[in-house]
Amino acid sequence: MIWNETKECMSRDEIVTLQGARLRKMVDRVYHNVEFYRKKMQQMGIEPGDIRGIEDLSKLPYTTKDDLRDNYPFGLFAVPESEVVRIHASSGTTGKATVVGYTRRDIEIWQECVARVLAMANVGKNDKIQVSYGYGLFTGGLGVHYGAENLGATVVPMSTGNSKKQITMMQDFGVTAIACTPSYLLHIAETLEEANALDKIKLRAAICGAEPWTDNMRREIERKLNIKAYDIYGLSEIMGPGVASDCDYHCGLHVFEDHFVPEIINPETLQPVEAGETGELVFTTVTKEALPLIRYRTKDLTSITYDKCECGRTLARISRFKGRSDDMLIIRGVNVFPSQIEAALLEIGETSPHYLMIVDRINNLDNLEVWVEVEERFFSDEIKQLEGLTKKIAHVLQNAIGLAVKVKLVEPKTIERSEGKAKRVIDKRKLV
Amino acid sequence: MIKQLSVFVENEVGSLAGVTAVLKENKINLKAAASFDTPEFGIMRIVVDQPEEAKAVLIQEGFVVKISEVIGVELVDQPGDLDRVLHIIADAGLCVNYIYSFVLRENNAPVMIFHVNQLKMAEEVLKNNNVKVVNQ
C-alpha cells in the first residue's frame, strides 16, 4: 500500500525540481535565521542566491553532531522558541545531549512520513499497533505513535519493558502490528513462546528499527512469529523514525526524498562518491522549520540507488547499513560513544583507567560489559570496598549513558594495547 | 605488627600461581597466604620475609599490590585458644575484618593473622591480656 502516491512515485525530474525549490527556500531561511550557518556560508563566500537547485548542494557546508553540541541547546533553531511545539534529545558524544525541536508543521510532516512507513508495511486504519519503543525524550515512541494515529490505526502506547504485560495486551487487544527494536521483538517472541501463546496472537507485521540488524535476524523474527517484518530508519537530528523504510521487496530503504535529500560522501575526503559506491550518508532537511540541517553527516555507511523499486516507488533507496564512520555503538537502541564511558570514568578518578567495552547479544538482548583495569590508587585490600567500587562505576556509567552496565574489575595490562592505543570496544553481535 | 601484601587477582585459572611464580623467581619466602574470592575477582593476601622487595617485583610484573599492617598472634596448639583471643578482641569492642593462619612448621607454635578495624588498640589489648604478638 502506498500512502502518498503523488510524492512517493514521482519521476526523477519531478523529485529533483521539488527538492531544488525547497532547498532554495530552506537555504534562504537558514541564512537569515541561524547565525551558525550564515557565518559558515560567509566564510565560504556563498550566498543564498548561489544555490539555484539540488546540483548546488555540494557547495554548502557540512553539519556534524559536534555542531549541535557546540550550539546546545537551541542555537541552531531557525524559528523563535514560541514556534517550537516539541523537544526531543538523544545522547551526545561527551555527555551533553543532542537537542532537537519541532514546529507544528514539522510534527505534521513527521506524522506523514511515519504513515508512509506503516503503509509500506501494509498497516492501515483497521490495524491495532503496539508501540513498544521508549516514550519520552527518545524520538522512537512518540514519533511512531503520532504517525500511527495519523494513519488512523489504533495505537497501544506500551513503551518499552515489562514483556509479560506486553504479550498480555497483545493477546487481549488483538494487536496486529508492533513497532520496537528488532532485538526487543525477539525477546517478546521468546516470552510468547514460554507462555505458549504464539498461536493466541493476531500479530502480522512488525516495524523494527533504532538499532542495526541483519536480514538473517529479520527472517528469524518472521519465522518465529509468522509475521512480516520491516526496517525503519531515522535519527533524531533529521527527524526521528521515518526518514526511510523498506517495503515488501526488502531491497533497500526508501528515503522520503521530498523532505530529506540524501547524499553519499567519502568520510575522509568529504567528496561525493561515484554512483552506487559505499560511503557516509548525509542528509539535508529541505522542509524542516525548527531545526533545518544542511548536509548533516549521519556517520552511517551505506550506498544509494535511484532505480525504481518493484513496489512502484521511485524514491532513492539506501542499502542496509555497513557500519559507522565513527565509533558510535547502538546498544538497545541507545547511542553510546566510548568517549562517554571515558568521561564517566574520569569523574571517578583523576585520570581515566584503561577500559574495554564488550557488547554482546545475550538472549536476544544487547548486553554491555565494561572491563576496568584496577590501579593502585583505587585498589583496596577489602573485598567489600572493591565490590563497592564496582557498583559505583556501574552506577556512574549507567547515569552517563542511560543503560545498565555490568562492570568487571580486571588485572592491570589485561586489556590489549596495540601501537600504544588500547582497543576500546569488542562488539560480538556481528551485525554487519 | 606484620606487613602484609594484598594482591588483586582475577577469579581465573592460574591467577594465584601467577603471583607465587613471581615470588619464587625472586627467592622470596612465603610465611602465610590466604585468598578471598568473589565471582569476578579475588584478593590474595600474603606475608613474606621481604615485603618491600616482594611488592616491587610484583608491581614490576604488572600486579596491583598494597601493603598493610596486620597483627600476628602466637597461639597454643590446644582447644579453645583461638576462642580466647577472639573474645579478648570482641570484649574490647573491636571488629575483626578477617583472620588467616601462618604456614605451620614443626615445633613452632601456630601463628594467626588478625586484621582488626583499630589495629593499634587491638595490639595493646592483646598484649595487656598476655597474648603473644609476633613480628615479621
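## Domains, helix pairs and a chain contact

Chain A splits into domain 1 (5-326) and domain 2 (331-427), with bounds taken from an automatic or database domain assignment. Everything here comes from a predicted model, where local features need pLDDT of at least 70, side-chain atom pairs count only at pLDDT 80 or more, and totals for chains, interfaces and linings use all residues. Residues are numbered from 1 along each chain as its sequence is written, while chains are lettered from A and ligands numbered from 1 in the order in which they are written.

Let's stay with chain A for a moment. The C-alpha centres of its domain 1 and domain 2 are 31 Å apart. Where the two touch, 13 residues of domain 1 of chain A meet 16 residues of domain 2 of chain A; a contact here is a pair of residues whose C-beta atoms, placed from the backbone, lie within 7 Å. On the domain 1 side of chain A, helix α8 (residues 182-194) hands over the largest share, 4 residues. Helices (H or I, at least four residues) and strands (E, at least two) are DSSP runs, numbered from the N terminus. For the classes, Ala, Val, Leu, Ile, Met, Phe, Trp, Tyr, Cys and Pro count as nonpolar, Asp, Glu, Lys and Arg as charged, and the others, Gly among them, as polar.

Now for the helix pairs. Axes are lines fitted to C-alpha atoms, for helices over the stretch in contact, with angles from 0 to 180 degrees between N-to-C directions. A crossing is left-handed if the near helix is turned anticlockwise from the far one by less than a right angle, and right-handed if clockwise.

| Helix pair | Axes come within | Crossing angle |
|---|---|---|
| α8(A) and α9(A) (residues 215-225) | 10 Å | roughly 25 degrees |
| α10(A) (residues 338-348) and α11(A) (residues 383-401) | 9 Å | roughly 135 degrees |

The angle in the table makes α8(A) roughly parallel to α9(A). Angles under 35 degrees count as roughly parallel, over 145 as roughly antiparallel, 65 to 115 as roughly perpendicular and the rest as oblique. α8(A) and α9(A) cross in a left-handed way. A:P182, A:L185, A:L186 and A:A189 of α8(A) meet A:M217, A:E220, A:I221, A:K224 and A:L225 of α9(A), a set with 7 nonpolar, no polar and 2 charged residues.

α10(A) and α11(A), on the other hand, are oblique to each other, and α10(A) passes α11(A) in a right-handed crossing. Among the residues making this contact are A:I341 and A:A344 of α10(A) and A:V396 and A:L397 of α11(A). By class, the contact of α10(A) with α11(A) has 9 nonpolar, 1 polar and 2 charged residues.

On to chain B, which is assigned domain 1 (2-68) and domain 2 (70-134). The C-alpha centres of these two domains of chain B sit 23 Å apart. Their contact draws 9 residues from domain 1 of chain B and 8 residues from domain 2 of chain B. On the domain 1 side of chain B, β1 (2-10), β2 (30-37) and β3 (41-48) are the elements giving two or more residues, and β2(B) gives the most, with 4 residues. That side of domain 1 of chain B has 5 nonpolar, 2 polar and 2 charged residues.

Finally, the two chains: their contact takes 15 residues from chain A and 15 residues from chain B. On the chain A side, α11 and β19 (406-410) are the elements that give two or more residues. The side of chain A that touches chain B divides into 7 nonpolar, no polar and 8 charged residues.
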